[in-house]
Amino acid sequence: MMEIIKCCVCTIEFAVNEDFFQMRKRDGEGFFCPVGHKQHFSENEIDRLKQENRYLRDRKEELELHSQMMKHVANGYKGQLAKVKKQLAAQGEVEVSS
Ligand SMILES: [Zn+2]
C-alpha cells in the first residue's frame, strides 16, 4: 500500500511506500518532494496521526464490543426461536394426537 504525501511548498502529490511513511513518521527525519522541497512530519503532524491512531483503536475496540454484544443478542434470539419452535412442535403433536 502506498501513502500519498502532499508537498507543503509546491503542493505536488507523491506516493511513498508504507514502510517509508511509517519510519519517517516515527523518526521525524526529513525527505524531499520530487521537485526537491524538504519535507518532514512536524510534531503537530505526528501528534495528529497519533491521536488519529488512538481514536481508530478506540473505535475498533468499541465496534468489537458492539459486535460481541450483537452476537450475544443474536444467540439469545436463536435460543428463543428454538424454544418457540419446540413449543409449536409440541402443540402440533398435541393437536395431531387429540
Ligand atoms: Zn515541493
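Two strands pair if DSSP finds at least two bridges between them. Strands (E, at least two residues) and helices (H or I, at least four) are DSSP runs, numbered from the N terminus. Residues are numbered from 1 along each chain as its sequence is written. The model is predicted, so local features need pLDDT of at least 70 and side-chain atom pairs count only at pLDDT 80 or more, while totals for chains, interfaces and linings use all residues.

**Exercise 1. Describe how β1 and β2 are joined.**

Step 1. The bridge partner of M2 in β2 is N17.

Step 2. E3 likewise has a bridge partner in β2, namely V16.

Step 3. In total, 5 bridges join β1 to β2, and the two strands run antiparallel.

Step 4. The strands form a hairpin, with 6 residues between them.

**Exercise 2. Characterise T11 by its place, its backbone angle and its exposure.**

Step 1. The loop between β1 and β2 holds T11.

Step 2. The phi of T11 is near 65°, a positive value in a residue other than glycine.

Step 3. A residue is buried if 20 or more other C-beta atoms, placed from the backbone, lie within 10 Å of its own, exposed if 12 or fewer, and partly exposed in between. T11 is exposed because 9 other C-beta atoms lie within 10 Å.

**Exercise 3. Determine why β1 and β2 lie largely in the open.**

Step 1. β1 has 5 residues and the number buried is 0, so β1 lies largely in the open.

Step 2. Across the protein, buried residues make up 1% of the 98 residues.

**Exercise 4. Locate M1 and state its exposure.**

Step 1. M1 belongs to the segment before β1 (2-6).

Step 2. M1 counts as exposed because it has 7 C-beta neighbours inside 10 Å.

Step 3. From M1 to L65 the separation is 64 residues in sequence and 28 Å in space, C-alpha to C-alpha.

**Exercise 5. Report the confidence of the prediction.**

Step 1. pLDDT is the predictor's confidence in each residue, from 0 to 100. The protein averages 90, and 94% of the residues score at least 70.

Step 2. Among the elements, strand β2 (residues 13-17) has the highest mean pLDDT (96) and helix α2 (residues 43-97) the lowest (89).
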